[in-house]
Amino acid sequence: MRSNTEPKAHSAMPQNERLVQASLSMAALAIVASFASSCSLDPVHDGQVKALGGEDPNIPAGQYHRGGQPCTVCHGGEGPAKNVFAIAGTVFYQKYDPANPKVPVPVDQAFVRILTADNANLCFVTNCMGNFRATPDRLGAKGLKFPFLVSVQKTSGTGNQPVVAMVGHVGREPSCANCHKDPSFFDSPGHVAVNQNPPNSPVQCPPAVEPDPPLVCPEDLF
Ligand code: HEC
Ligand code: HEC
C-alpha cells in the first residue's frame with residue numbers, strides 16, 4: 001500500500017482506479033484487524049498450538065510443563081511463549097510399548113548429546129520431567145547447525161550406561177517430539193527413550209531445591 005503515501009501518483013490516478021485502491025486499503029485494514037484479534041499471524045500455527053491443549057493445572061508454565069510435547073511449536077518464535085528455544089525435547093525411560101501404553105516415566109538428568117553439521121559437540125541435561133531445552137544464547141553466535149546427529153544416555157552408577165543413538169540425522173526440526181510421537185507407527189519412532197527401567201522410587205519433581213548452578217554434562221564440567 002505504498003502508493004497511498006505517494007500523493008503524486010494519487011492525484012494522477014483516474015477516478016475508478018482510486019476507488020479500487022480505496023477498497024483495497026479497506027480490505028488491508030480488515031485483515032490487519034483480524035490478525036490483531038487472533039493469537040498469531042498464521043492459522044496453521046494457531047491450530048498446532050490449540051491441538052496441544054491447555055496447561056496441566058498441577059504444573060505451572062515453566063521448565064517442567066508439557067513433557068513429551070513439541071516445545072518449539074510454542075517456543076519457536078511465533079508464540080504464544082515469549083521464550084524461544086533453538087532445540088528442545090523430553091526423554092523417557094522405556095520405549096513406547098503398545099501392550100503397556102501408560103504414561104511413560106521421564107528421565108531426570110539424562111544427557112542429550114548432539115553433533116552438529118559443523119562438528120560442535122553439544123550436551124544438554126534433562127530436568128526431573130525429562131525436559132531439556134536450549135535458548136539461542138546458550139548456543140552462542142554459531143548457533144546450532146543442522147543437520148545434526150543425536151544420542152541420549154542415563155548414567156546409573158551400575159556400570160551399565162548405554163548410549164542410545166539415533167541412526168538418522170535431524171535435518172531441520174528443532175523439537176524431538178515433532179517426530180517422536182506416541183503411538184509409535186510407520187510415521188513415528190515413539191517417544192525418545194534411554195531404554196532402561198525406571199528407578200523403583202520416583203524422583204521428587206520439582207526438586208525441593210533447584211540445582212544451582214544448573215547441572216551440566218560430565219564433559220562440560222571443566
Ligand atoms: C502450547 C504451548 C507451549 C508448549 C507446547 C510448551 N510451552 Fe513452555 N511455555 C508456554 C508459555 C505460554 C509459557 C509462559 C512464559 C513465556 O511466555 O515464555 C511457557 C513457559 C515456559 C518456560 C519458562 C520460561 C521463562 O523464562 O519463564 C520454560 C522453561 C518452558 N516453557 C519450557 C518448555 C518446554 C521444555 C516445553 C516442551 C517440553 C514447553 N515449554 C512446551 C507455552 C508452551
Ligand atoms: C525428523 C524427525 C526426527 C526428529 C526431529 C528427531 N528424531 Fe530421533 N528418531 C527419528 C527416527 C525416524 C528414529 C528411528 C530411526 C533412527 O534411529 O534413525 C529416531 C530414533 C531416535 C533414537 C533411537 C531410538 C532407539 O530406541 O534406538 C533416539 C535416542 C532419538 N531418536 C533421539 C532424538 C532426540 C533426543 C531428538 C531431539 C533432539 C530427536 N531424536 C529428534 C526421527 C526424529
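Which loop holds Asn119? Select Asn119: this residue is found in the loop between S2 and S3. Helices (H or I, at least four residues) and strands (E, at least two) are DSSP runs, numbered from the N terminus.

Before moving on, note that this is a predicted model, where local features need pLDDT of at least 70, side-chain atom pairs count only at pLDDT 80 or more, and totals for chains, interfaces and linings use all residues. Residues are numbered from 1 along each chain as its sequence is written, while chains are lettered from A and ligands numbered from 1 in the order in which they are written.

**Stop 1: two positive phi angles**

Stay on Asn119. Its phi is positive, about 65 degrees, although Asn119 is not a glycine. Most residues other than glycine have a negative phi. Asn119 is exposed, with 7 other C-beta atoms within 10 Å.

Now select Gln109, in the loop between S1 and S2. Gln109 also has a positive phi, of about 60 degrees, and is not a glycine. Gln109 is partly exposed, with 16 other C-beta atoms within 10 Å.

**Stop 2: the core**

Select Val91, Ala110, Val112, Val152, Val192 and Val194. Of the 24 residues in the largest nonpolar core, these touch the most other members. Such a core is a set of buried Ala, Val, Leu, Ile, Met, Phe, Trp, Tyr and Cys residues joined through C-beta atoms within 7 Å. Strands S1 (87-90), S2 (111-115), S3 (121-125) and S5 (149-153) each supply at least two residues of this core.

Zoom in on Ala110. Leaving out residues up to four places away in sequence, Ala110 touches Val91, Thr126, Gly130, Val152, Gln153, Lys154 and Val194. Contact means C-beta atoms, placed from the backbone, within 7 Å.

**Stop 3: ligand 1**

Show the 21 residues around ligand 1; Gln63, Cys71, Cys74, Ala81 and Asn83 come nearest. A residue counts as near if its C-beta atom, placed from the backbone, lies within 6 Å. S1 and strand S4 (131-134) are the elements that give two or more residues to this shell.

**Stop 4: two cis bonds**

Select Gly79 and Pro80. The peptide bond from Gly79 to Pro80 is cis, with omega near 5 degrees. Pro80 sits in the loop between helix H3 (43-51) and S1.

Finish at Phe146 and Pro147. The bond from Phe146 to Pro147 is cis, with omega near -10 degrees. Pro147 lies in the loop between helix H4 (136-139) and S5.

Technical notes. Buried ≥ 20, exposed ≤ 12 C-beta atoms within 10 Å, placed from the backbone. Contact = placed C-beta atoms within 7 Å.
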